[in-house]
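This report goes through selected local features of one protein chain. The sequence and structure are shown first, and the notes follow.

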Amino acid sequence: MLTIAIIPIKELSKTKSRLSPYIDASERESLALNMLRKVIRAASGVVSQVWVMGTDMVAKKAALDEGAEWIEDMGMDVNQSLNLAFRSVWKINKGALYLAGDLPFLTQQDLNGLIQSSSQSGNNVISPARYSGGTNALLLPKPSSFKMLLGPWSFHRHLTQARHLNLAFSIHYTQGIGFDLDTGDDLKVYSKMDPLLLYNLQKGKSLE
């Protein structure tokens with residue numbers, strides 16, 4: 001199955017605001033930008049294309065430098081924007097994969113497993129965030145009336161919608177997909193798991 005990954009990114013000046021008590025604005029921007037780069041690199045080795053969707057010109061340059069396509073977000077709600085992007089993907093007969101851009105431990109192996117879990121059964125796949133009840137990845141390989149509902153407790157709301165639409169979904173969870181970075185508690189926990197990685201992401205150091 002040929003799949004296009006779609007990664008939305010906020011304006012860097014507005015991203016990771018919940019981390020403001022712990023790291024300053026420049027560190028938050030570096031963190032968001034470097035996590036985006038890491039996610040693009042992981043996805044690029046698995047899917048046919050990576051589309052990054054946003055309005056921030058610094059993020060655009062980073063995405064293009066990493067070989068991703070850039071989609072201008074027209075200022076709509078992120079869910080509306082993703083729904084339109086999904087339809088654009090389906091029009092060219094490819095599967096659409098929403099992927100969060102703040103996954104510091106994401107690997108190609110994580111995404112290979114997600115794609116394979118869909119290819120083997122031909123169904124849709126959803127990956128929950130570990131702590132927040134959110135959705136960190138969602139694969140829709142074929143056109144459907146399913147709508148993105150990102151936000152608080154979106155994982156359960158997505159599953160409820162799938163049941164109402166009688167759509168088959170499998171749940172795929174790995175540490176790399178499940179661990180997003182939004183809060184001070186996340187920062188503390190993940191710094192203990194891999195302090196060098198988090199330091200490099202935060203300080204804008206090389207990811208190599």
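## Trp153

Trp153 is exposed, because its relative accessibility of 52% is over the 50% cut-off. The model is predicted. Trp153 sits in the loop that runs between S6 and helix H5 (154–165). Its phi is positive, about 60°, although Trp153 is not a glycine.

## Lys16

Lys16 is another non-glycine residue with a positive phi, in this case near 55°. Its place is in the loop between strand S1 (3–8) and H1. Lys16 counts as buried, because its relative accessibility is 10% and the cut-off is 20%. The side chain of Lys16 makes a polar contact of 2.7 Å with the side chain of Asp182.

## Asp182

When neighbours within four places in sequence are left aside, the residues in contact with Asp182 are Lys16, Arg18, Leu19 and Asp102.

## The largest pocket

Which residues lie nearest the centre of the largest pocket? They are Lys10, Lys16, Tyr98, Asp102 and Asp182, out of a lining of 36 residues.

The space in the largest pocket is about 1,100 Å³. Its lining residues comprise 13 nonpolar, 13 polar and 10 charged. Helix H1 (25–44), strand S2 (49–54) and strand S6 (135–140) each contribute at least two residues to this lining.

## Glu11

Glu11 is in the loop between S1 and H1, and Lys16 also has its place in the loop between these two elements. At 33% relative accessibility, Glu11 counts as partly exposed, because the value falls between the 20% and 50% cut-offs.

Not counting residues up to four places away in sequence, Glu11 touches Thr55 and Asp56. The C-alpha atoms of Glu11 and Val52 are 12 Å apart, with a separation of 41 residues in sequence.

## Aromatic pairs

The number of aromatic pairs in the model is six. In one of them, Phe105 and Tyr190, the ring centres are 5.7 Å apart and the planes stand at 80°, so the pair is edge-to-face. Phe105 is in the loop between strand S4 (95–99) and helix H4 (108–119), while Tyr190 is in helix H7 (residues 184–193), so this pair ties together parts that are 85 residues apart in sequence. Phe105 and Tyr190 are both buried.

Tyr190 also pairs with Phe179, and this pair is stacked, with 5.2 Å from centre to centre and 10° between the planes. Phe179 lies in the loop between helix H6 (175–178) and H7, and Tyr190 in H7 itself, so the parts tied together here are 11 residues apart in sequence. Phe179 is buried, as is Tyr190. Together with Tyr131, the residues Phe105, Phe179 and Tyr190 are linked by ring pairs into a cluster.

## Helix H8

Which residues are buried in helix H8 (residues 195–203)? They are Leu197, Leu198, Asn200, Leu201 and Gln202. These buried residues pack against H1 and H7. H7 is also the helix in which Tyr190 lies, and H1 is one of the elements that supply residues to the lining of the largest pocket.

An α-helix has 3.6 residues a turn, so residues three or four places apart point the same way.

## Asn79

Is Asn79 buried or exposed? Asn79 is buried, because its relative accessible area is 11% and the limit for burial is 20%. Asn79 is found in helix H3 (residues 78–91).

Leaving aside neighbours within four places in sequence, Asn79 is in contact with Met148, Leu149 and Leu150. One of these, Leu149, is 70 residues from Asn79 in sequence, and the C-alpha atoms of the two are 6.1 Å apart in space.

Terms used
Residues numbered from 1 in each chain as written. Heavy atoms only, no water. Phe/Tyr/Trp six-rings, centres within 6.5 Å; stacked < 30°, edge-to-face > 60°. Helix = DSSP H or I, 4+ residues; strand = E, 2+ residues; numbered from the N terminus. Buried < 20%, exposed > 50% of the residue type's maximum accessible area, 1.4 Å probe, protein only. Polar contact = N/O pair within 3.5 Å; in protein donor to acceptor, adjacent residues only side chain to side chain. Contact = heavy atoms within 4.5 Å. 1 Å grid on protein atoms, 1.4 Å probe; cavity = no way out; pocket = protein on both sides within 12 Å on 5 of 7 lines; lining within 4 Å. Points joined across faces, edges and corners; volume = space filled by probe spheres on them. Nonpolar A, V, L, I, M, F, W, Y, C, P; charged D, E, K, R; others polar.
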